[in-house]
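My notes follow the model below.

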Amino acid sequence: MKNYIVHDNWKVIEEGFHPEFNLISESVFSLGNGRMGQRANFEECYSGETLQGSYIAGVYYPDKTRVGWWKNGYPEYFAKVLNAANWIGINIRINEVELDLAKASIHSFRRELDMQHGLLSRKFEAVLTNNCRVRVESERFVSMANPEAGAIRYSLTALDFGGVIDIQPYIDADVKNKDSNYDEKFWEEVTTQNHPESAFIVAETKKTAFHVCTGMKYKVFLNGKPVEVNPEFATREKYVSHTFQITVKEGDILTIEKYGVNLSSQFHSKEKILDKAFDVLETVYDQGYDALRKEHTESWLNKWEGSDILIEGDVAAQQGIRFNIFQLNQTYTGDDAHLNIGPKGFTGEKYGGSTYWDTEAYCLPFYLSTAPQNVSRNLLIYRYNQLDKAIENGEKLGFTHGAALYPMVTINGEECHNEWEITFEEIHRNGAIAFGIYNYIRYTGDADYLAPYGFEVLLGISRFWNQRITFSEERQKYVMLGVTGPNEYENNVNNNWHTNKMAVWTLKYTLEVIDFLKKNHLQSYQSVAEKRAFDEKTETVRWKDIVERMHFPYDEKRKVFLQQDGFLDKEIVPVAELNPSNLPLNQHWSWDRILRSCYIKQADVLQSLFWFEEEYDTETHQRNFDFYEPITVHESSLSPCVHSILAASLGKHDKAYELYQRSARLDLDDYNNDTEDGCHITSMAGTWMSVVYGFGGLRVLNDKLHLNPFIPKQWKSFCFSVGYRGAHLKINVSTDKIKIENHSGVSAELMIKGKALKLEAGKELEVAMI
Ligand code: BGC
């Protein structure tokens with residue numbers, strides 16, 4: 001755990017340069033706008049420890065898989081969102097000495113991420129080895145208003161010298177992924193172009209043949225007045241730079257504004273991409289830095305209007321939650337259905353930038369509540385578009401007749417994961433995708449999504465469950481053998497309670513959906529039935545029997561659902577009784593020891609209890625929570641939030657807060673010593689849920705928005721914004737009352753602390769806390 005980030009309500013601040021934490025800071029201070037992003041690398045050269053990282057959503061390379069022992073059915077490749085051209089670079093030489101923070105002596109360093117406006121800035125003074133003292137101030141952003149553009153304003157003040165400053169803005173597309181399996185580079189040059197104050201590189205990804213055109217254009221000012229420059233071009237493969245010299249006197253301020261664009265062939269034709277990039281770059285250049293910045297910051301303010309959480313009385317918590325919301329909004333903006341949410345967003349390379357069940361299980365609720373409806377709908381359409389690939393994936397593993405197994409990790413619908421216990425066995429993910437459809441409709445009321453999109457996906461998933469489940473003569477029950485639940489510290493178990501639950505629930509839900517469609521969208525239903533050769537009468541007989549006769553492991557003595565068959569053969573010793581030197585287990589214990597132990601990586605039975613909360617009474621919740629939470633090690637960042645929400649609904653407020661805290665500042669404080677790999681973006685949505693679902697008690701049931709809040713004793717009040725079926729609500733919770741304002745022209749049906757209330761458009765209401 002680190003503690004070097006200065007606490008502030010809206011800003012993330014590093015005061016004084018911490019080169020030893022630079023990799024962490026580069027992740028934490030990252031910028032993104034849903035389409036592209038980059039780690040907080042310095043503009044000027046840096047010879048210290050750094051991971052140069054610029055990423056463009058959806059642009060990936062299928063890196064050939066590396067495994068020790070190949071198993072039939074393994075994917076051939078692991079998709080990686082590529083480290084792409086660096087457009088932020090500006091090399092600086094002062095009287096022939098390079099400005100390099102690893103070599104100069106640095107004073108008054110401050111790096112700041114203004115989350116409210118989406119701006120990254122730095123200020124410092126550097127004394128170079130030739131004793132020239134220079135002040136540097138830089139600011140940059142990737143535009144939320146124009147997702148293909150970004151800009152930098154970089155100023156140098158000659159504090160105690162006169163002489164020549166060499167400035168060299170460049171684009172470097174000769175970059176490599178840190179996680180490249182065979183040390184290969186993934187880009188090839190298509191073309192480069194130089195113009196008097198601008199340059200372009202078009203690069204192509206190997207194999208996938210995406211084209212990306214990166215452009216730069218700059219303006220130079222001396223003491224605020226524009227300066228004509230006469231740059232010298234240097235071009236080598238996948239690299240262009242422009243170098244020019246400016247003579248300064250002591251006290252002069254030299255400023256360069258650098259504009260960057262990234263256009264990809266996902267959105268533009270390859271033939272026209274260079275011309276188009278030229279136009280986009282001209283437009284932003286003509287707009288100028290201040291206008292571009294204004295439009296960008298206004299977009300951010302608008303995002304905050306719909307998603308902010310205000311916490312009074314706890315700055316660390318305030319900064320933590322805003323950081324989570326900021327990163328989620330940077331990572332996914334939902335304007336395109338073929339993009340999704342990588343667990344590290346644009347902040348690092350781990351997990352390859354691919355899509356996991358994290359999207360439906362953790363992220364979807366955030367976007368449902370804080371973004372326009374089409375944003376979460378696009379997350380669903382992403383899976384709809386990949387249905388045929390999921391069916392092919394099922395076929396590779398021996399399933400037939402349209403049974404869909406969605407991948408554990410994917411970018412284009414094909415499976416990329418290659419550990420048998422996860423690829424083949426961690427199939428609960430299929431249930432999460434089905435649940436995502438249900439959750440979207442429950443929240444938005446958009447049941448028409450089922451015709452045909454939702455239904456077609458549900459049909460494929462139901463067919464998979466039907467084939468994956470077998471009948472045990474011995475038990476006279478249906479069983480599911482050889483699976484891995486969300487708790488990856490158990491593999492190849494029989495009858496994982498959560499997976500069985502997801503299967504039965506999906507079958508039941510799909511049956512209900514069929515009835516709904518037959519009544520409301522008959523034609524669409526029939527055309528899907530025809531397209532997918534679905535014979536309802538014969539196929540659903542076994543579905544219904546499974547729903548009736550599935551085996552669910554249960555302990556009669558403790559009255560708890562058992563995570564899997566035989567779970568109680570394990571020695572059950574609470575984590576609190578383990579010597580802390582054993583933790584985290586995954587860094588201290590051998591894998592077989594972990595597998596044999598009772599310790600749980602992340603919510604498993606409790607994941608189902610969270611999702612299907614209303615099906616179980618409080619005592620059942622209580623017993624299961626009390627049994628499982630003490631043996632959970634929370635070694636996935638996705639774990640504490642679910643437990644925090646369940647603790648909150650059981651009235652265990654201190655526990656809820658303790659668990660919330662484990663995730664809220666996970667990256668700001670580098671809690672797990674792994675932020676240098678990138679931030680835990682998908683679990684940030686879980687943190688948001690801990691506040692809104694946990695402390696706020698938000699649920700949507702029977703077309704009503706339920707709120708049942710409590711206030712952690714560490715806070716004076718908190719306020720969160722949610723959208724609900726066209727209404728925009730601000731919910732303010734303080735120790736004595738809940739105040740809800742409806743900032744929209746649509747009324748909302750609410751259930752506050754068990755009381756049904758209607759909040760008219762533009763009105764507010766208050767309810768006492770007790
Ligand atoms: C978790 C998975 C998750 C993945 C990506 C793993 O550590 O166990 O549930 O999907 O990380 O976030």
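**Largest cavity.** I looked up the largest cavity and found a volume of about 70 Å³. A cavity here is a set of points, on a 1 Å grid over the protein atoms alone, where a 1.4 Å probe fits but cannot get out, and lining residues have an atom within 4 Å of a point. Grid points are joined across faces, edges and corners, and the volume is the space filled by probe spheres set on the points. The lining of the largest cavity includes Arg35, Met36, Pro147, Glu148 and Phe267. The elements that give two or more residues to this lining are β5 (54-64) and β20 (253-264), and β20 gives the largest share, three residues. Helices (H or I, at least four residues) and strands (E, at least two) are DSSP runs numbered from the N terminus. By class I noted six nonpolar, three polar and two charged residues in the lining of the largest cavity. Ala, Val, Leu, Ile, Met, Phe, Trp, Tyr, Cys and Pro count as nonpolar, Asp, Glu, Lys and Arg as charged, and the others, Gly among them, as polar.

**Model and conventions.** This is a predicted model, in which local features need pLDDT of at least 70, side-chain atom pairs count only at pLDDT 80 or more, and totals for chains, interfaces and linings use all residues. Residues are numbered from 1 along each chain as its sequence is written, and side-chain values use heavy atoms, with hydrogens and water left out. I checked pLDDT, the predictor's confidence in each residue from 0 to 100: the mean for the protein chain is 97, and 100% of its residues reach 70 or more. Confidence is lowest in strand β6 (residues 77-83), with a mean of 92, and highest in strand β23 (residues 477-479), at 99.

**Other cavities.** Searching the whole structure gives nine cavities of 30 Å³ or more.

**Ligand.** Which residues surround the ligand? I found Tyr351, Tyr356, Trp357, Asp358, Glu488, Lys601, Gln602, Ser636 and Leu638 (a heavy atom within 4 Å). Asp358 has a side-chain N or O atom 2.6 Å from a ligand oxygen. For Trp357, a polar side-chain atom is 2.9 Å from an oxygen atom of the ligand, and for Glu488 the value is 3.1 Å. The ligand exposes 310 Å² when taken alone, and the protein buries 89% of that (Shrake-Rupley method, 1.4 Å probe).

A pocket is an open set with protein on both sides within 12 Å along at least five of seven lines.

**Backbone.** I looked for cis peptide bonds and noted Ala451 to Pro452, with omega near -5°, and Leu583 to Pro584, with omega near -10°. Pro452 is in the loop between α9 and α10 (453-468). Asn495 has a positive phi of about 55° although it is not a glycine, and it sits in the loop between β23 and α11 (497-520).

How values were computed:
Polar contact = N/O pair within 3.5 Å; in protein donor to acceptor, adjacent residues only side chain to side chain.
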